[in-house]
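Dear colleague,

Please read the notes with the model open beside you.

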Amino acid sequence: MSHTVCLIEGDGIGAEITAAVQHIIEAAGVTIDWRPCLAGVTALEKTGNPLPPETIAAIKETGVALKGPLATAIGQGFRSVNVGLRQELQLYANFRPARTIPGVKTRFENVDLIVIRENTEGLYSGLEHIVVPGVVESLRVITEKCSRRIAIFAFETARKYHRKTVTCVHKANILKLSDGLFLETVRDVAKSYPDIELNDCIVDAAAMKLVMDPTQFEVLVMENLFGDIISDLASGLVGGLGVTPSGNYGDGYAIFEAVHGTAPDIAGKDRANPTALLLSATMMLKHLGETDAADRIESSLLSVLQNPETRTGDLGGKLGTSKFAEVVAEACAVGSSG
């Protein structure tokens with residue numbers, strides 16, 4: 001079966017790691033008709049728009065996109081393209097697994113948790129204005145509708161991955177109306193899932209507990225800003241953003257992405273690690289129904305990472321991006337023929 005997927009290479013190292021992932025997917029025997037799309041600084045330079053309407057239209061047509069890292073200026077410049085894509089396509093659920101990878105040295109073992117982040121509202125609504133010079137007001141929007149659908153997504157995720165608990169992370173002790181609404185909505189949804197235990201935890205306490213013993217959590221669900229912070233924290237527990245995948249889901253569309261930076265200092269030097277994007281691509285393949293190929297790629301990748309000689313430089317190895325991709329691709333091909 002052939003699939004049509006939008007490909008956003010991204011900025012910086014994006015072109016190198018997307019090429020590596022394409023090579024590995026092809027070696028695994030999956031046929032994909034890649035539709036190149038522009039976004040980020042590259043799109044701005046070529047079209048004058050960091051998020052061209054043509055890119056949105058293409059994703060709506062194919063329903064699926066794989067995206068490399070995009071640059072966003074801090075405190076000035078254009079709005080985050082990542083946020084823009086999520087809001088334009090109503091990709092309300094961000095799925096960020098954090099799992100220990102054999103061979104990647106970290107402080108913890110046997111970490112296997114999933115962070116579910118509401119993607120479309122909260123402070124990321126971008127509703128800010130200057131009250132008077134020197135005073136800025138930002139509006140944090142929480143609605144029952146969005147809280148309910150992300151809660152349902154979290155509990156359905158728990159069932160799908162055979163998890164016994166869902167933890168709602170919040171700040172309802174201080175933000176009594178907004179986070180109070182979020183927490184109460186999650187509690188209401190939990191009534192429909194008697195097989196799954198619901199816990200709740202204040203966000204600062206959750207951060208502390210995660211760095212003390214992350215294995216006490218299975219699925220965590222939270223609003224947008226808390227989800228952004230906690231998902232990165234969870235990634236740090238298992239080796240960093242360079243080895244953790246991300247998927248954004250809506251009712252009709254899905255984007256799978258690397259959430260690490262564009263690393264302009266090593267762009268074009270064949271030094272980037274494509275692991276995060278590759279793991280995101282395996283999530284994409286499962287979404288497309290290519291489960292066997294996804295499992296084979298993941299198994300091959302984990303096997304390669306266990307060998308110090310076949311890791312990229314950021315993980316203590318000596319391989320560059322292209323050679324690392326070749327090694328993983330060969331492992332996939334062997335697994336396929338076997």
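Glu 298 counts as buried, at 12% relative accessibility, where buried means under 20% relative accessible area, exposed means over 50%, and partly exposed is in between (1.4 Å probe, protein chains only). Before going further, please note that this is a predicted model, in which local features need pLDDT of at least 70 and side-chain atom pairs count only at pLDDT 80 or more, while totals for chains, interfaces and linings use all residues. Residues are numbered from 1 along each chain as its sequence is written, and side-chain values use heavy atoms, with hydrogens and water left out.

Salt bridges

A salt bridge is taken here as a side-chain nitrogen of Lys or Arg within 4 Å of a carboxyl oxygen of Asp or Glu, and by this rule the count comes to 19. Glu 298 is in one of them, with Lys 286 as its partner and 3.9 Å between the closest N and O atoms. Glu 298 belongs to helix H10 (residues 291-306) and Lys 286 to helix H9 (residues 275-287), so the pair ties together parts that are twelve residues apart in sequence; helices (H or I, at least four residues) are DSSP runs, numbered from the N terminus.

Lys 286 is itself partly exposed, with a relative accessible area of 37%, and it also forms a salt bridge with Asp 295, where the closest N and O atoms are 3.7 Å apart. Asp 295 is likewise partly exposed, at 38%. A network of salt bridges links Lys 286, Asp 295 and Glu 298 with Arg 99.

Another salt bridge joins Arg 148 to Glu 144, with 2.4 Å between the closest N and O atoms. These two residues are four apart in helix H5 (residues 144-160), and are therefore separated by about one helical turn. Arg 148 is partly exposed, with a relative accessible area of 27%, and Glu 144 is partly exposed too, at 34%.

Cysteines

How many disulfides does a search of the whole structure find? The search finds zero, a disulfide being defined as a pair of cysteine sulfur atoms within 2.5 Å. The sulfur of Cys 6 has its closest cysteine sulfur in Cys 37, at 3.8 Å, which is too far for a bond, and Cys 6 is buried at 0% relative accessibility. Cys 168 is in no disulfide either, the nearest cysteine sulfur being that of Cys 201, 9.8 Å away; Cys 168 also counts as buried, at 0% relative accessibility.
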